[in-house]
Amino acid sequence: VTARRAAVLLALGILFFQLFSGYAPEVLLRRLRFLRHYASQDLVVRRLGGSGAAFDRNYVILLEWARRRLPPGTKGLAVFSGPIPVHGVHLTLYHFTPVPALVEPRRVPPGWIALVYGPRRPEGWRVLTELPHGALLDPAGSPVGRPLEPE
Amino acid sequence: MSAFLRPLSGVAGILLVSSAAGWMLARAFLPEGKPWRAERLGWSVLLGSVLLALFVAVSFSGTGHPGWLPFLLLAAGGAALSRVFPVRAADTRLASPDGDTEGSAARVLLTLLLAGGVLLYALAALTEPMWSNDYVAIWGLKGKTFFGEGGIPGRLFLWQSLAFSHPEYPLGLPLLYAGVAFLLGRFDDHALALLFPVWQMATLVVLFGFLRRRGVSRSLALTAAALLAHFGPLYSGFLTGMAEVPLSFAMLLFGTAFCDALSGSPGAPRRLAIASAAAAAIKNEGFFLAVAAFVVLLLAARKETFSRTVAATLLPAGAVRLIQRLAFGAQPLRDFDFGLFAPSSWGDLAGRLGESLGTAASEVLLPAWPGLLALAVVIAAGSRSRCGGLLLLLAGLGAALYLCVPAVAVAGPSWLVRTALARTLAALAPLVATAVALRLRKVWEPLAVGS
């Protein structure tokens, strides 16, 4: 075997080793356990149990409750989430698609309703539905576009 | 049947039907015959994916609702056209070598390794609903919106609050997501993930088939495919849902068709054209690949193939960009500040380029040095191969761009390097694996005999 061929074999061996060392047995087992546990569950439950909801599962539970309770013909949803990571903002908009949504807007657009995470209930806003970890509210009774918090 | 397996079976059925339609369409792109069979299988997946995205775009541009009827009509129309314009002549000059000399034990081992890579990626991709941020913020958001709205709403391009979803990105992947969802009857972002292992398998099949057709031994082709199957930086749960896996597949098809076109293979300009359109419809990097190929053509094309290859390379990618621009207006590349190219900013630009390369070296390349060194060794140890060289040149131009472009990133060079460089480089892996195997062909043969 020439030096050139030996170098090729050695390099390929390193490449295989590098790629195989990227696998963590505990990750593989966790994936199998996840599939076995969640495969029979609804898609929403699988998302709730997955990586995308890990930043705050209670918040994602609220999103799903709100999605199911949105009044028919909802024009849009202003979500007051409090501080969440940017992934949470994107997930919020994705979750309500195709209903347009905004996270922490300065004003609620006319005709839209609001979803508030946590116990806050802004004065003058009508509670449509109390939900686990939050509530759907209608700011229609208050001046149009009234800010949630004092500016 | 479990809540997951039912829609998963549905998506599997849709992909089988679309790939079967793609198989019929492939008659217009690849010659018949055994040397082409594996590649035809892979191309069928691409052509089926194109059909799934295209029927949604066609339905949206008319008044029809996307469903099985318009999909089947489009597939039938394509199949009929492919019967009228088949690629007739079989390419007999580049057949696989007769009989291999390597031992069957090595082949079995490599096949098992390959199958293991496919299974492990399928597990990673299908563990949970697609979740990575770029899927949720860009590709999935648009696909789910198209499906939910039954159209492409203007707010995706107009609302500042949706700017994070990159209105300037191509719409091929979201249209494809919507296409599968329309046929399935629901948007199931867990079952849709099946697309990704299917694209991985199609990539591996094309890689293997192309190498065999180019005279590479079975064991070397299997080695390349097995290595690629386990390439975690590309085939990961994180990248499932994002554009890199389908882009890498389209790039491989582009590269193989590019080589074929330059060697005058029958049907190659058609294959190059469809791969160019597909790559540009998936990601902006796909459009850049067409531009890079044009540069390579200026250096390497022979007179008799130049104009046809240039047309097949640039026109389809340009057409994809033009159609999106005409339909939805010009969208700026918001992540980049091209004002930095002004002469007055060159000093600043040089500093940012240094930051980009420095961050890339210290945070992306250095941590991967053993693998990169091994890759450099197998590239250097290979012997000259025209196609291998062309593919390396294409991949090298891509890598050079990805290393330099963070210099003009609005959010700063280091930010773009950290968030995007590793995965954009990873998408070049199928091109590089093909190039390396082609270059190792002559070195490998004595190894196989001796084994």
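1. Ground rules. This is a predicted model, so local features need pLDDT of at least 70 and side-chain atom pairs count only at pLDDT 80 or more, while totals for chains, interfaces and linings use all residues. Residues are numbered from 1 along each chain as its sequence is written, chains are lettered from A in the order in which they are written, and side-chain values use heavy atoms, with hydrogens and water left out.

2. Interface extent. About 4200 Å² is buried between chain A and chain B, and carbon and sulfur atoms give 73% of that. Buried area here is the accessible area (1.4 Å probe) that two parts lose on being put together, summed over both.

3. Polar links across the interface. Between chain A and chain B the count is 18 residue pairs in polar contact, both at pLDDT 80 or more. A polar contact is a pair of N or O atoms within 3.5 Å; within protein, one must be able to donate a hydrogen and the other to accept it, and residues adjacent in sequence count only if both atoms are side-chain atoms.

4. What chain A brings. Helices (H or I, at least four residues) and strands (E, at least two) are DSSP runs, numbered from the N terminus. For the classes, Ala, Val, Leu, Ile, Met, Phe, Trp, Tyr, Cys and Pro count as nonpolar, Asp, Glu, Lys and Arg as charged, and the others, Gly among them, as polar.

5. Salt bridges. Between chain A and chain B the count is one: A:Arg47 with B:Asp189, closest N and O atoms 2.4 Å apart. Within chain A, A:Glu64 and A:Arg67 pair up at 2.9 Å, N to O. Both sit in helix H4 (residues 57-69), three residues apart, about one turn of the helix.

6. Cavities. A cavity is a set of points on a 1 Å grid over the protein atoms alone where a 1.4 Å probe fits but cannot get out; lining residues have an atom within 4 Å of a point. Two cavities of 30 Å³ or more turn up. The largest has a volume of about 90 Å³, and its lining draws on both chains, including A:Pro98, A:Val99, B:Arg155 and B:Trp159. That lining has nine nonpolar, two polar and one charged residues.

7. The second largest cavity. Its volume is about 30 Å³, and its lining includes B:Met251, B:Phe288 and B:Tyr402. Helices H12 (284-300) and H16 (386-404) of chain B each give two or more residues to this lining, which has seven nonpolar, one polar and no charged residues.

8. Backbone points to look at. A cis peptide bond joins A:Thr97 and A:Pro98, with omega about 15 degrees. A:Pro98 is in the loop between H5 and strand S2 (101-103) of chain A. A:Glu104 has a positive phi of about 50 degrees although it is not a glycine; A:Glu104 is in the loop between S2 and strand S3 (113-117) of chain A.

Methods: 1 Å grid on protein atoms, 1.4 Å probe; cavity = no way out; pocket = protein on both sides within 12 Å on 5 of 7 lines; lining within 4 Å. Points joined across faces, edges and corners; volume = space filled by probe spheres on them. Salt bridge = Lys/Arg side-chain N within 4 Å of Asp/Glu carboxyl O.
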